[in-house]
Amino acid sequence: MSTVNEIYNSLQSFADKEKLAVYPRFFKTGKGEYGEGDRFIGVSVPHVREVARRYADVPLAVVREMLFSPWHEMRSCGLVILVGLCRNGVPAEVYNFYLDHTSRVNNWDLVDLSAPTIVGGYLLERSREPLFRLAGSKLLWDNRIAVVSTLCFIRHGDVGTTYELAERLMHHPHDLMHKATGWMLREAGKVDERRLFDFVDAHRHVMPRTMLRYAIERFTPATRRQLMRRD
């Protein structure tokens, strides 16, 4: 039996019928939705992580097979393995491998569990230009990777790239990006609340409402009302 089949069987042993019924709706797998055609085994995130720990030492060739699996949890497990390889810094091989396979990091949860560590971690002390290339991609998941990766910078007190990307992505057509960008702005506000207020105040007339609501969640009710005004 191949290693990939072993991993699939390990995940299958944790399958939960209730989760299997919920996941397709939660991850929008219907026709025309962002997760169209995705398939699920019905495994919770903690169990996916448990399986990933068992197979933490598999080569990238196996991870690649996992990323090309039709099963969401197999891709998730492969990404958890990649994140585990970055505990002591992000190897260039892992970073480049990840960027070569972003089309398989193809749902919001997959982006969010991997991009800050792998992409953000690698670029922390490097040029941020790759993020702007991802932000300009036609692939939704590249765009989300770009902005969510800045969570790593924010955690190190560096919020500049987040604001630059927020301006670049202000008029993105997809609600998933409005949520992601608003989330990163909210996190940036934990570092410098005044800067967030000023940014939102300057852009509130054009900022998508979902992005705006996410960005200002931590402000007082009175400040939120002020910033939600369109006048």
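Guide: A quick term to start: buried means under 20% relative accessible area, exposed means over 50%, and partly exposed lies in between, with a 1.4 Å probe and protein chains only.

Visitor: OK. Is Tyr-95 buried or exposed, then?

Guide: Tyr-95 is buried, because its relative accessible area is 6%.

Visitor: What kind of model is this?

Guide: This is a predicted model, where local features need pLDDT of at least 70, side-chain atom pairs count only at pLDDT 80 or more, and totals for chains, interfaces and linings use all residues. Residues are numbered from 1 along each chain as its sequence is written, and side-chain values use heavy atoms, with hydrogens and water left out.

Visitor: Back to Tyr-95. Where is its place?

Guide: In helix α6, residues 92-100. Helices are DSSP runs (H or I, at least four residues), as are strands (E, at least two), numbered from the N terminus.

Visitor: And which residues is Tyr-95 in contact with?

Guide: Beyond neighbours within four places in sequence, Tyr-95 touches Val-90, Ile-118, Val-119, Tyr-122, Leu-123 and Pro-130. Contact means heavy atoms within 4.5 Å.

Visitor: What about Val-83, which helix is that in?

Guide: Val-83 sits in α5, residues 72-84. With neighbours within four places set aside, Val-83 is in contact with Leu-113, Ser-114, Thr-117 and Ile-118. Ile-118 is also on the list for Tyr-95.

Visitor: New topic. How many cavities of 30 Å³ or more are there?

Guide: The structure holds 1. A cavity is a set of points, on a 1 Å grid over the protein atoms alone, where a 1.4 Å probe fits but cannot get out; lining residues have an atom within 4 Å of a point.

Visitor: Why use a probe?

Guide: Rolling a probe the size of a water molecule over the atoms shows where empty space is left.

Visitor: How much space lies in the largest cavity?

Guide: About 50 Å³. That volume is the space filled by probe spheres set on the points, with grid points joined across faces, edges and corners.

Visitor: Which residues line the largest cavity?

Guide: Arg-186, Gly-189, Lys-190, Glu-193, Leu-196, Ala-215, Arg-218 and Phe-219. Helix α12 gives the most, with 3 residues. By class, the lining has 3 nonpolar, 1 polar and 4 charged residues. Here Ala, Val, Leu, Ile, Met, Phe, Trp, Tyr, Cys and Pro count as nonpolar, Asp, Glu, Lys and Arg as charged, and the others, Gly among them, as polar.

Visitor: How do the axes of α13 and α15 cross?

Guide: They come within 9 Å and cross at roughly 30°. That makes α13 roughly parallel to α15. Angles under 35 degrees count as roughly parallel, over 145 as roughly antiparallel, 65 to 115 as roughly perpendicular and the rest as oblique. Phe-197, Val-200 and Asp-201 of α13 make the contact with Thr-223, Gln-226 and Leu-227 of α15.

Visitor: Last stop, the loops. Where does Val-206 lie?

Guide: In the loop between α13 and α14. Val-206 counts as partly exposed, because its relative accessibility is 46%.

Visitor: And Lys-28, what is its phi?

Guide: Near 55°, a positive value in a residue other than glycine. Lys-28 has its place in the loop between α2 and α3.

Key
1 Å grid on protein atoms, 1.4 Å probe; cavity = no way out; pocket = protein on both sides within 12 Å on 5 of 7 lines; lining within 4 Å. Axes fitted to C-alpha atoms, helices over the stretch in contact; angles between N-to-C directions.
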